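Please look over the protein shown here. This briefing takes its features one topic at a time.

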Amino acid sequence: MGRLLAWRLPPQQFDVTLYEAREFSLPRGACWTAAGMIAPLSELVHSCREIYELGARSLALWRDWVNTIETHTGQSVCFRNAGSLLVAHRQDKSELLQFRRELQGKLNGEVSAYVQELDAEQLRQVEPTLEHFEQGLYLRNEGDIDNRRLLPLLLREISRQGVHLIEQSPVECEPFAVNSDRGREEFDCVIDCRGLGAGERVKGLRGVRGEVMVVETSEVALHRPVRLLHPRYQLYAVPREEGRTVIGATEIESEDMSPISVRSTMELSSALYSLHPAFAEARIVETRVNCRPATMDNMPYLHSESGLVCVNGLYRHGYLLAPALVEQVERRIEQQINGEKV
Ligand SMILES: Cc1cc2nc3c(=O)[nH]c(=O)nc-3n(C[C@H](O)[C@H](O)[C@H](O)COP(=O)(O)OP(=O)(O)OC[C@H]3O[C@@H](n4cnc5c(N)ncnc54)[C@H](O)[C@@H]3O)c2cc1C
């Protein structure tokens, strides 16, 4: 949120300072750990229509914003809008049916406009590698972004725009001021987007642990995020450059940031192996653990008062929701500038 907001606030109008508790070049927030899926439909099953609407808006904004970032930097952020695919093993076919039913309920029956049912032949046309599956669901309007490319490019862009970057500086936020080891610094408006670092300021804020593994193989080539629906092990696999795939799904009610557990490693690996046996020889090149900043109802938190805007609780939806929330923060700031009631 911090980097996107700093990037979006026009330098001609705002003199922006971005504080980071750690180092900008080595992000430690959930943003660096995430898989980068922008999946409004897949997430609708676990959330509400509002998340879906915000996600659909974000996807439209990402298309536009990515274009601008890539034009300015001359580099790709590997954003894809190639949809995503849901598959299940033959014995778990009912999972696909259930998923479709739930979407149908939440989309008031409009589901066929968004979800295409694929038989084995159609599935092979979309993802030729997944030849072991007999059916799937294709969610056309979904995307993903390579966060490990995006975040450094955003940093470069905001630095070029003249944003003041202050790192290794944990701050406390209050209306019109931030406090840190540097003392008290005053601003016309403070945006508190510290994720879990906001602590008590956001009532009920909690961390939800997530673990991902990055595997590498030249044997399996996926073209979009794939989710395996299984009664016990949920898996997503997001293909990245150089034969790498980010896999994950764990969601544990804990703020424990210690390394990935043996159980999670085994469950993710065996689910991946069942997606394609050639993953057995893939190399595990990285494991990542972090905690998603979540509110008690898992909905995003946006609060404003004179001199302060707080945005938090992005939970498992940071990339899904960030652009739409940035738009809302921009509106709140406009209101403050125009002296409207906030
Ligand atoms: C395993 C995993 C997988 C995920 N996959 C996805 C996905 O596929 N799609 C998706 O949409 N979302 C995903 N997410 C969720 C997403 O990562 C988060 O929702 C998002 O990163 C939240 O953004 P944020 O900016 O609010 O917080 P963060 O990304 O945590 O950033 C907070 C920043 O504030 C800094 N900070 C904290 N305290 C202070 C302080 N006192 N002073 C100054 N700076 C401070 C931190 O150092 C950090 O840089 C995933 C999360 C995890 C953990």
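This is a predicted model: local features need pLDDT of at least 70, side-chain atom pairs count only at pLDDT 80 or more; totals for chains, interfaces and linings use all residues.

Residues are numbered from 1 along each chain as its sequence is written, and side-chain values use heavy atoms, with hydrogens and water left out.

**Helix α4**

- Helices (H or I, at least four residues) and strands (E, at least two) are DSSP runs, numbered from the N terminus.
- The expected span of a helix is 1.5 Å times one less than its number of residues.
- Buried means under 20% relative accessible area, exposed over 50%, and partly exposed in between (1.4 Å probe, protein chains only).
- The buried residues of α4 include Ile 51, Leu 54, Leu 61 and Ile 69.
- Among the elements covering the buried residues of α4 are α1 (2-8), α7 (147-160) and α9 (318-337).
- Just after α4, Gly 74 has a positive phi of about 70 degrees.

**Helix α7**

- α7 has 14 residues and reaches 20 Å from its first C-alpha to its last, close to the 20 Å expected.
- Its buried residues include Leu 150, Leu 154 and Glu 157.
- The buried residues of α7 pack against several elements, including α2 (30-33), α4 and β7 (164-166).
- Gly 162 follows α7, with a positive phi near 95 degrees.

**Aromatic pairs**

- Rings of Phe, Tyr and Trp (its six-membered ring) pair if their centres lie within 6.5 Å; planes under 30 degrees apart are stacked, over 60 edge-to-face, and the rest tilted.
- The count comes to 5 aromatic pairs.
- Tyr 52 and Tyr 114 have ring centres 6.2 Å apart and planes at 80 degrees, so they are edge-to-face.
- This pair links distant parts of the chain, 62 residues apart.
- Tyr 52 is buried at 8% relative accessibility, whereas Tyr 114 is partly exposed at 23%.
- The rings of Trp 62 and Trp 65 are also edge-to-face, with centres 6.5 Å apart and planes at 70 degrees.
- Both Trp 62 and Trp 65 lie in α4, about one turn of the helix apart.
- Trp 7, Trp 62, Trp 65 and Tyr 319 form one aromatic cluster.

**Salt bridges**

- A salt bridge is a side-chain nitrogen of Lys or Arg within 4 Å of a carboxyl oxygen of Asp or Glu.
- The structure holds 28 salt bridges.
- One of them joins Arg 80 and Asp 144, with the closest N and O atoms 2.7 Å apart.
- Arg 80 is in a loop and Asp 144 in strand β6, so the bridge ties together parts 64 residues apart in sequence.
- Arg 80 is partly exposed at 22% relative accessibility, while Asp 144 is buried at 1%.
- Glu 185 and Arg 182 also meet in a salt bridge (2.8 Å, N to O).

**Glu 142**

- Glu 142 sits in the loop between β5 (135-139) and β6 (143-144).
- Glu 142 is buried yet has no salt bridge.
- The nearest side chain of opposite charge (Lys and Arg count as positive, Asp and Glu as negative; His and the chain ends are not counted) is Arg 227, 5.3 Å away.
- The Glu 142 side chain reaches the backbone nitrogen of Ser 42 at 2.7 Å.

Terms used
A polar contact is a pair of N or O atoms within 3.5 Å; within protein, one must be able to donate a hydrogen and the other to accept it, and residues adjacent in sequence count only if both atoms are side-chain atoms. Contact means heavy atoms within 4.5 Å.
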